[in-house]
Amino acid sequence: MTVELRHYTDLTPDARQDLLDVYAVVRAPLLHLANYRVEAFAERLDRHATEPGFEAVIAYDGTAAIGYAYGNTLTADDRYWKRMTEPLPHGFTEVSTLVIKEIGLRTPWRGTGIARRIHDDLLAGRTEERVTLMVNPLAGDGKVQSLYESWGYEAINNQQPSPESPRLTAMVRVRS
């Protein structure tokens, strides 16, 4: 298995389609829920691609896209921070932060270290001091949050980005 990681700072039509295709497979059990519909993801993806510091890493096994991670730089007044359920400590949003908006990997490649490779490759060229992401604490019966904890993330707060979305745990780690 030779997996190639490709970086995108502009959302080309081919990269966009690859992200949508992998998303549809990874989230298949949830696509009946409004927040997880492919169309809803496509709208978010298009918006995220215009935000400061957008970058995506897509993993390919041969010509097949098998996984991805993407994110962008948060600003101090970004709505990401404003949607936290509890107030953040004074100055918390002033630290330069990369937000990982999505990570997804097709089932046959799970447990192989590819998700971590994609994640780490996304972080490798970044200059932000820390990174944040959100996780559904129920995903995989808590295994997904435990995985992120093993990568050095700590839960700091909660969010419900939209009325249709589940309550998510916001996690942060300092870049090393």
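**Arginines, salt bridges and a pocket**

The side chain of Arg173 reaches the backbone oxygen of Trp151, at 2.7 Å. Before going on, note that this is a predicted model.

Arg173 sits in strand E7, residues 168-174. Arg173 is buried but has no salt bridge. Which side chain of opposite charge is nearest to Arg173? It is Asp120, and the distance is 4.8 Å.

Asp120 does have a salt bridge with Arg116, with the closest N and O atoms 3.0 Å apart. Arg116 and Asp120 are four residues apart in helix H4, so about one helical turn separates them. Arg116 is partly exposed, at 30% relative accessibility, and Asp120 is partly exposed too, with a relative accessible area of 32%.

In total the structure holds eight salt bridges. One of them joins the side chains of Glu102 and Arg27, at 2.9 Å from N to O. That pair links distant parts of the chain: Glu102 is in strand E4 and Arg27 is in the loop between H1 and H2, 75 residues apart. Are these two residues buried or exposed? Both Glu102 and Arg27 are buried.

Another pair is Glu39 and Arg37, where the closest N and O atoms are 3.6 Å apart. Glu39 is partly exposed, with a relative accessible area of 48%, and Arg37 is also partly exposed, at 34%. There is also a network of salt bridges linking Glu55, Arg126 and Glu128.

Now the pocket. The largest pocket has a volume of about 1,400 Å³. Its lining has 50 residues, and those nearest its centre are Arg27, Tyr36, Glu102, Ile103 and Met134.

Which element gives the largest share of the lining? Strand E4 does, with seven residues. Elements that each supply at least two lining residues include helix H1 (13-26), helix H4 (114-124) and strand E5 (130-135). By class, the lining has 26 nonpolar, 10 polar and 14 charged residues.

Last, Arg167, which is in the loop between strand E6 and E7. Arg167 is partly exposed, with a relative accessible area of 47%. Arg167 and Met134 are 33 residues apart in sequence, and their C-alpha atoms are 9.6 Å apart in space.

Technical notes: Residues are numbered from 1 along each chain as its sequence is written. This is a predicted model: local features need pLDDT of at least 70, side-chain atom pairs count only at pLDDT 80 or more; totals for chains, interfaces and linings use all residues. Side-chain values use heavy atoms; hydrogens and water are left out. On a 1 Å grid over the protein atoms alone, a cavity is a set of points where a 1.4 Å probe fits but cannot get out, and a pocket is an open set with protein on both sides within 12 Å along at least five of seven lines; lining residues have an atom within 4 Å of a point. Grid points are joined across faces, edges and corners, and a volume is the space filled by probe spheres set on the points. Ala, Val, Leu, Ile, Met, Phe, Trp, Tyr, Cys and Pro count as nonpolar, Asp, Glu, Lys and Arg as charged, and the others, Gly among them, as polar. Buried means under 20% relative accessible area, exposed over 50%, partly exposed in between (1.4 Å probe, protein chains only). Lys and Arg count as positive and Asp and Glu as negative; His and the chain ends are not counted. A salt bridge is a side-chain nitrogen of Lys or Arg within 4 Å of a carboxyl oxygen of Asp or Glu. A polar contact is a pair of N or O atoms within 3.5 Å; within protein, one must be able to donate a hydrogen and the other to accept it, and residues adjacent in sequence count only if both atoms are side-chain atoms.
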